[in-house]
Amino acid sequence: MSNTQPAAVASERTPLKARKVSFAWEKTPLHWVPGDPFTTHTINVLHLLLPAGERWFIHVYRQVLPYIHDEQLREDVIGFIGQEAVHSQAHDDVLPHLRELGLDPTPYTAQVDWFFEKLLGDRTLPPGRASKWWLMERVATIAAIEHYTAFLGDWILNAEALDRKGADPTMLDLLRWHGAEEVEHRSVAFEVFMHVDGGYRRRVRTWAAAFSALVFLWQRGTRFFMENDPSLLDGKASFKAFHASGKQGTLPTTGAILRSIPSYLSRSYHPSQEGSTAQAVDYLAHSPAALAAEARTTGTS
Amino acid sequence: MALPRLRTVVLVSGAALLTRRALKRRIARSPLWPMPALAEPVSGHSRRRPTTIRRLLITERVPIADGVVQLRLEGAQLPRWQPGAHLDLVLPSGLVRQYSLCGDPDDPGTYTVATRLVEGGRGGSREVHEQLQEGEEIEVRGPRNRFPLVEAEAYVFVAGGIGITPVLPMLRSLAARGADWRLLYGGRSRRSMPFLDEIEKLGAEDGRVTVVAQDEAGHPDTAAVLADIAPGTAVYCCGPEPLMDAVTAALPEGCTLHLERFSAASTDVADSGAFEVELHRSGRTVQVAAGQSVLAAVRAELPHVAYSCEQGFCGTCQQRVLEGEIDHRDELLTDDERGDSMLICVSRCRGGRLVLDL
């Protein structure tokens, strides 16, 4: 039986606390991966999905708090919520800058807002079983999405190809600060799901829904940016371009994405088996955005 | 047999081709079809922008009265503001000081502030006067407005010295729309009072402006200016504490009072008194001790209340306030949000009692 139970790696656990960050966007260009609009815009889709998505995580987790009866997990969830709130704010604050650069994301983000606030929001359901079912369904969906945010967090921390290409340091710091916190708290959503429900059929079902939705929204977001980029005459997004960027190391490889599927669906999966908390914590100790905010806070007192 | 099968294949593939063409045309017409959009977009439209640093270029630094310099700060796409708003300047030493905006609210590229050098002050004004030079950049936060111009039948302003700065844009706006206003403007000497010329021009007709320089005529008579005002008049005062106390004492019945105080915003929970918080929906009341946060007191009664950073930046613990005067100590919420909600981890109560929608 031992290989059918999620096996947590105890040494990967760390106390969670939201960090204040600040970014100066004035000098970040539209194509912040120089000469590579496709990679830029594929990663930019994060700014479209995360503000609404992470607000939704918090909305759901506020409701799940009364179902958590483990003190340590409760503390992890409290820390998780604050980190997600700051992530949402930080990505949200990039959107006005994109607008200033001539690429207004509102037509797309208004749809993502609808997706998370209406489609996945609190439905009109009778209290009791139906409401709880919908809450558990969403808790499981968050666990599946967090599998991918942890995957992307681990990837961005190690994506040296972006440094070699001369990517904008402020944007890279936003992504790596965020990615590092995702790696740091990667077990929380899964443990919440296992604590309040943990059903394998629900895990598979919500993974399928989350993965399909992510692929649909992501390709749509990349196409939206490529087609509306004021500096591109005939911007097109294609799977071929995605695969090529993966080979160059400026985006995750197609193979790594495919391999992440059986890993989440394995009965012995636990998020602590992948990624490195030590690497994440080390980045966070040096992240310019976190240091800048810290200097501002201590400066005021 | 062969014929109907062929016909089916042709029909099905024809239908498929037509559907594909229709979909392509539909998407070409509106590329984001078929997902609906939220009627009022949220993402990217927040007025909070808590993680963004805004640095402005100091393009002009001019003395405009004895001991008063005016700074012109330029940047791109600056947030709009309303008369009465102030800006936080993050000074080179890390000190944060608040200065009222005294330029044109409709100028999207410029903020103007004026500061007086305070002898023996807490160092902020000295730093502005001695260290900020043209061509340098300075970090700003805001603007925020705790001193908004409300709709009223008539207005009386009492300004002391540099306290004229938030009032000036109000006067311009009221003069432009022909409202009924009066101003009592006091200062040490005419040479030390900024914007005198402009103000006297604004109030040239009907003697709307009374200027009282201490070296010529002593202290301004606040009681006299407030004595015969009509009910429904909005009274605005900004200046030294004794002046604001005098105006508060002389305020006639039926008039509203609006004060602008520039105290350093305290974020220290230890530096605060006790008060009572009623949790309206739960029907309970908790006591918040001096030095204790509202959150800590509420958690004792409602263990599942959401919170996280406990420092006023993540926003998780925001709660609706039904009654009571809030002492906001966070940097996150917008002026609108501050009207009826608070972050219970850091913000407190100015009076003795708050009612939360919990």
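User: How do I judge the length of helix α2 of chain A, residues 71-92?

Analyst: Compare its span with the expected one, which is 1.5 Å times one less than the number of residues. Helix α2(A) has 22 residues and reaches 32 Å from its first C-alpha to its last, close to the 32 Å expected. Helices here are DSSP runs of H or I with at least four residues, strands are E runs of at least two, and both are numbered from the N terminus. Bear in mind that this is a predicted model, where local features need pLDDT of at least 70, side-chain atom pairs count only at pLDDT 80 or more, and totals for chains, interfaces and linings use all residues. Residues are numbered from 1 along each chain as its sequence is written, while chains are lettered from A and ligands numbered from 1 in the order in which they are written.

User: How many residues of α2(A) are buried?

Analyst: A residue is buried if 20 or more other C-beta atoms lie within 10 Å of its own, exposed if 12 or fewer, and partly exposed in between, with C-beta atoms placed from the backbone. In α2(A), 17 of the 22 residues are buried, so the helix is largely enclosed by the rest of the structure.

User: Next, helix packing. At what angle do α5 and α7 of chain A cross?

Analyst: Two packed helices are described by the angle between their axes and the distance between the axes. The axes are lines fitted to C-alpha atoms over the stretch in contact, and angles run from 0 to 180 degrees between N-to-C directions. For α5(A) (residues 129-157) and α7(A) (residues 169-184), the axes come within 8 Å and cross at roughly 130°. Angles under 35 degrees count as roughly parallel, over 145 as roughly antiparallel, 65 to 115 as roughly perpendicular and the rest as oblique. That is why α5(A) and α7(A) are oblique to each other.

User: Is the crossing of α5(A) and α7(A) left-handed or right-handed?

Analyst: A crossing is left-handed if the near helix is turned anticlockwise from the far one by less than a right angle, and right-handed if clockwise. The α5(A)/α7(A) crossing is left-handed.

User: Over to chain B. Which strands pair with β10(B)?

Analyst: Two strands pair if DSSP finds at least two bridges between them. Strand β7(B), residues 154-160, runs parallel to β10(B) and is joined to it by 6 bridges; here B:Val158 sits opposite B:Cys237. Strand β11(B), residues 256-259, is also parallel to β10(B), over 4 bridges. There B:Val235 partners B:Leu257, and B:Ala234 faces B:Thr256.

User: Is β10(B) buried or exposed?

Analyst: 6 of the 6 residues of β10(B), residues 233-238, are buried, so the strand is largely enclosed by the rest of the structure. B:Thr233, B:Val235 and B:Cys237 point one way, with B:Ala234, B:Tyr236 and B:Cys238 pointing the other.
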